[in-house]
Amino acid sequence: MNGREQSPGSGAKKDLTELKLFVDDDLCRAFQRCVWIQVNETGRTRQEIMREVVHDFLVKHGC
């Protein structure tokens, strides 16, 4: 796999690119837990949640 995949779900599909981050184990577990909780509470996909988290981070920091 080249790090790119199609997002699942109905409607227009967007190309996604894998982003690797190196963080402490605690942060990784917290991120995975946060995504899992949001997926289960909202019914959205992991990709949608991850896209939103990254988007919010970039907006917060003016990127």
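This is a stop-by-stop tour of a predicted model, to be followed in the viewer.

Residue numbers start from 1 along each chain as its sequence is written. The model is predicted, so local features need pLDDT of at least 70 and side-chain atom pairs count only at pLDDT 80 or more, while totals for chains, interfaces and linings use all residues, and side-chain values use heavy atoms, with hydrogens and water left out.

**Whole chain**

Show the protein chain as a cartoon. Two helices and two strands are present, in the order β-β-α-α along the sequence. Helices (H or I, at least four residues) and strands (E, at least two) are DSSP runs, numbered from the N terminus.

Of the 63 residues in the chain, 8% are buried; buried means under 20% relative accessible area, exposed over 50%, and partly exposed in between (1.4 Å probe, protein chains only). With a contact taken as heavy atoms within 4.5 Å, residues 24 or more positions apart supply 18% of the contacts with a separation of 6 or more.

**Confidence**

Colour by pLDDT, the predictor's confidence in each residue, from 0 to 100. The chain average is 85, and 79% of the residues score at least 70. Strand S1 (residues 4-6) has the lowest confidence, with a mean of 52, and H1 the highest, at 97. Select residues 7-12 next: here the pLDDT is below 50, and the stretch has six contacts in the model beyond near neighbours in sequence.

**Helix H1**

Select residues 25-42, which form helix H1. The helix has 18 residues and runs 26 Å from its first C-alpha to its last, close to the 26 Å expected at 1.5 Å a residue; the expected span is 1.5 Å times one less than the number of residues.

Show the side chains of Asp26 and Arg29, which form a salt bridge at 2.3 Å, N to O. The term covers a side-chain nitrogen of Lys or Arg within 4 Å of a carboxyl oxygen of Asp or Glu. Asp26 and Arg29 lie three residues apart in helix H1, so about one helical turn separates them. Asp26 is exposed at 55% relative accessibility, whereas Arg29 is partly exposed at 47%.

Just after H1, pick Gly43, where phi is positive at about 80°.

**Helix H2**

Go on to residues 46-60, helix H2.

Now select Arg44 and Glu52, whose side chains meet in a salt bridge at 2.6 Å, N to O. Arg44 is partly exposed, with a relative accessible area of 28%, and Glu52 is partly exposed at 31%. The salt-bridge count comes to two.

**Surface**

Switch to a surface view. The chain exposes about 5600 Å², 57% of it from carbon and sulfur atoms; accessible areas come from the Shrake-Rupley method with a 1.4 Å probe, and for residues only the protein chains shown count as cover.

Select Leu19, Leu21, Val23, Leu27, Val54, Phe57 and Leu58, which make a nonpolar patch of about 680 Å². Patches consist of residues with over 30% relative accessible area and no salt bridge; like charges are joined within 9 Å, and nonpolar side chains (Val, Leu, Ile, Met, Phe, Trp, Tyr) within 5 Å. Helix H2 gives the largest share of this patch, three residues.

End at Leu21, in the loop between strand S2 (15-17) and helix H1. Leu21 is exposed, at a relative accessible area of 63%.
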